[in-house]
Amino acid sequence: MGRSARRRSAIRRGTDRRGTTTVELAFVLPVVLIMIFGTMSISMALYAYNTIAEASRAGARYAITHGVNSSSPAGPTANDANVTSAAKTAAFSLVQSSLSVTSSWLQSDNKAGSSVKVTVSYTCPTFATKLLGLNPFVISSSSTMIITN
């Protein structure tokens, strides 16, 4: 029996599987890559959220310990540079140009017992947004604390 005869015989019996691995890979690989990149994008977004949540708390802690009785008071004007610096320092692992920090004193003073609110926003670029050509999304966190000093 010649080579071509064996091949025809194998095709009739369904035992010739050359090329099936390549076809299966073509179907499965895009799904696996989407799952991997999706997991990485979600992980990056969660990391960014946890980081900016800590940054907003750090900025608020700075503001509550640097009230009117402090040697270097923060506020009561909105968006104090020292509060912004404290928040951005806490978020050192993120892209600093994508961070936005706002601080406001809710009773318009920085006396003990008054409240301060610090909000940190971050424009989060991920693999998925870059790959699909979408705009990056904004993650935001705020902390409100009572001034102690």
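Colleague: What share of the contacts in the protein chain with a separation of 6 or more comes from residues 24 or more positions apart?

Modeller: Please keep in mind that this is a predicted model. Residues 24 or more positions apart account for 62% of the contacts in the protein chain that have a separation of 6 or more. As for the elements, the protein chain has four helices and three strands, and along the sequence they follow the pattern α-α-α-β-β-α-β.

Colleague: How many of the residues of the protein chain count as buried, and what makes a residue buried?

Modeller: A residue is called buried when its relative accessible area is under 20%, and 32% of the 149 residues of the protein chain count as buried.

Colleague: Why is His66 called buried?

Modeller: The relative accessibility of His66 is 18%, and the cut-off for buried is under 20%, so His66 counts as buried. His66 lies in the loop between α2 and α3, where, leaving out residues up to four places away in sequence, His66 touches Ser72, Pro73, Ala74 and Asn149.

Colleague: Which residues touch the most other members of the largest nonpolar core?

Modeller: That core has 22 residues, and Ile52, Leu94, Leu99, Trp105, Val120 and Tyr122 touch the most other members. At least two residues of this core come from each of α2 (20-65), α3 (81-90), β1 (99-105) and β2 (115-124), and α2 gives the most, with seven residues. If we take Trp105 and leave aside its neighbours within four places in sequence, the residues in contact with Trp105 include Ala63, Pro76, Val83, Val116 and Ile147.

Colleague: Why is Met44 called partly exposed?

Modeller: Partly exposed covers the range between the buried cut-off, under 20%, and the exposed cut-off, over 50%; Met44 has 34% relative accessibility, and therefore counts as partly exposed. Met44 is found in helix α2, and it is one of the residues of a nonpolar patch on the surface that has about 1000 Å² of accessible area together. Helix α2 gives the most to this nonpolar patch, with 11 residues.

Colleague: How do you know that Glu54 and Arg57 form a salt bridge?

Modeller: The closest N and O atoms of Glu54 and Arg57 are 3.1 Å apart, and a salt bridge asks for a side-chain nitrogen of Lys or Arg within 4 Å of a carboxyl oxygen of Asp or Glu, so this pair forms a salt bridge. Glu54 and Arg57 are three residues apart in helix α2, which means that about one helical turn separates them.

Colleague: What makes Glu54, Arg57 and Arg61 a network?

Modeller: The side chains of Glu54 and Arg61 also meet in a salt bridge, at 2.8 Å from N to O, and salt bridges link Glu54, Arg57 and Arg61 in a network. A search of the whole structure finds two salt bridges. Glu54 has 31% relative accessibility and counts as partly exposed; Arg57, with 34%, is partly exposed, and Arg61, at 37%, counts as partly exposed too.

Notes: Residues are numbered from 1 along each chain as its sequence is written. This is a predicted model: local features need pLDDT of at least 70, side-chain atom pairs count only at pLDDT 80 or more; totals for chains, interfaces and linings use all residues. Side-chain values use heavy atoms; hydrogens and water are left out. Buried means under 20% relative accessible area, exposed over 50%, partly exposed in between (1.4 Å probe, protein chains only). Contact means heavy atoms within 4.5 Å. A nonpolar core is a set of buried Ala, Val, Leu, Ile, Met, Phe, Trp, Tyr and Cys residues joined through side-chain atoms within 4.5 Å. Patches are made of residues with over 30% relative accessible area and no salt bridge: like charges are joined within 9 Å, nonpolar side chains (Val, Leu, Ile, Met, Phe, Trp, Tyr) within 5 Å. Accessible areas come from the Shrake-Rupley method with a 1.4 Å probe; for residues, only the protein chains shown count as cover.
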